[in-house]
Amino acid sequence: MSPESTGQNEHYLRVFWRGFRTWRGNRPFWAGLFTMVGGLPIAYFPYANMHLGNVTLAMSTTAGAGSLIIGILLITLGLTMWFHHIVRVFAGVAAILLALISIPVANIGGFLIGFLCALLGGALSISWAPGEPKPDPGPAGAAGEKSEGTGPGTQESGPGFHGTAAVPQQPEQYDTTVEVDGGRHRAG
């Protein structure tokens, strides 16, 4: 066994946690979680009964079906943020609109708990952007030689692309000489 092979002696929880961190770093995880957490009280409170001693308070309203639909849509949008992060902007805008609609429809937005969580999740989803891969550390990585601390057995910090050997691409070179017609297009 070489000193570079570290995968055999690791605990399965550590391997699972590393895989989860990589998965979480490539999508708007917290936006989806806040949106789903915001959908739960909006869908739950119109059907809940609160017991105070011998007195039962029913918080059901005539808009119970609307509250249930808003809550399920918010949970679905949270899952969409996790598994189809390409449509994160649409999901964020829809989550914000549903959170605003839940104020008059669903017991003041699930007593403001669901409203604030869904609003925060939608805002996080709109503002999330995928991370850029880290640049190569220098000419040693470009020449194919391993520099110290960048092997398959080492870990890099941050939510970048771990374990990939991305080749940096050079920008396309173009001819800067002036054409005969002064650089203008033939049509104009």
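Q: In which helix is Arg88 found?
A: In this predicted model, Arg88 is found in helix H4.

Q: Is Arg88 buried or exposed?
A: Arg88 is buried, because its relative accessible area is 18%, and buried means under 20%.

Q: Which residues is Arg88 in contact with, leaving aside neighbours within four places in sequence?
A: With those neighbours left aside, Arg88 is in contact with Pro28, Ser125, Trp128, Ala129 and Pro130.

Q: Staying in H4, what about Val93?
A: Val93 also lies in helix H4. Its relative accessibility is 38%, so Val93 counts as partly exposed.

Q: How far is the C-alpha atom of Val93 from that of Gly121?
A: The two C-alpha atoms are separated by 9.9 Å, while Val93 and Gly121 are 28 residues apart along the chain.

Q: Now the helix itself: how do H3 and H4 pack?
A: Helix H3 covers residues 64-83 and helix H4 covers residues 88-105; they pack at an angle of about 160°, and their axes are 10 Å apart.

Q: What does that angle make H3 relative to H4?
A: It makes H3 roughly antiparallel to H4, because angles over 145 degrees count as roughly antiparallel.

Q: And what is the handedness of the crossing where H3 passes H4?
A: H3 passes H4 in a left-handed crossing.

Q: Which residues make the contact?
A: On the H3 side, the contact is made by Gly66, Ser67, Ile70, Leu73, Leu74, Leu77 and Met81. H4 contributes Ala91, Gly92, Ala94, Ala95, Leu98, Ile101, Ser102 and Val105.

Q: How do these residues of H3 and H4 divide into nonpolar, polar and charged?
A: The contact of H3 with H4 has 11 nonpolar residues, 4 polar ones and no charged ones.

Q: What about H2 and H3: at what angle do their axes cross?
A: The axes of helix H2, residues 29-44, and H3 cross at roughly 165° and come within 8 Å. H2 is therefore roughly antiparallel to H3, and H2 passes H3 in a left-handed crossing.

Q: Which residues of H2 and H3 make the contact there?
A: Among them are Phe29, Leu33, Thr35, Met36 and Ile42 of H2, together with Ile70, Leu74, Leu77, Met81 and Trp82 of H3. By class, the contact of H2 with H3 has 15 nonpolar, 7 polar and no charged residues.

Q: Thr35 of H2: is it buried or exposed?
A: Thr35 is found in helix H2. Its relative accessible area is 0%, so Thr35 is buried.

Q: Which residues does Thr35 touch, not counting those up to four places away in sequence?
A: Thr35 touches Leu74, Leu77, Gly78, Met81, Ala95, Cys117, Ala118, Gly121 and Gly122.

Q: Stepping back, how many helices and strands does the chain have?
A: The chain has 7 helices and 2 strands. Along the sequence, they follow the pattern α-α-β-β-α-α-α-α-α.

Q: How many of the residues of the chain count as buried?
A: Of the 188 residues of the chain, 24% count as buried.

Q: And what share of the contacts with a separation of 6 or more comes from residues 24 or more positions apart?
A: Such residues account for 68% of those contacts in the chain.

Q: Finally, what is the mean pLDDT?
A: The mean pLDDT of the chain is 78, and 64% of its residues reach 70 or more.

Notes: Residues are numbered from 1 along each chain as its sequence is written. This is a predicted model: local features need pLDDT of at least 70, side-chain atom pairs count only at pLDDT 80 or more; totals for chains, interfaces and linings use all residues. Side-chain values use heavy atoms; hydrogens and water are left out. pLDDT is the predictor's confidence in each residue, from 0 to 100. Axes are lines fitted to C-alpha atoms, for helices over the stretch in contact, and angles run from 0 to 180 degrees between N-to-C directions. Helices (H or I, at least four residues) and strands (E, at least two) are DSSP runs, numbered from the N terminus. Angles under 35 degrees count as roughly parallel, over 145 as roughly antiparallel, 65 to 115 as roughly perpendicular and the rest as oblique. A crossing is left-handed if the near helix is turned anticlockwise from the far one by less than a right angle, and right-handed if clockwise. Contact means heavy atoms within 4.5 Å. Ala, Val, Leu, Ile, Met, Phe, Trp, Tyr, Cys and Pro count as nonpolar, Asp, Glu, Lys and Arg as charged, and the others, Gly among them, as polar. Buried means under 20% relative accessible area, exposed over 50%, partly exposed in between (1.4 Å probe, protein chains only).
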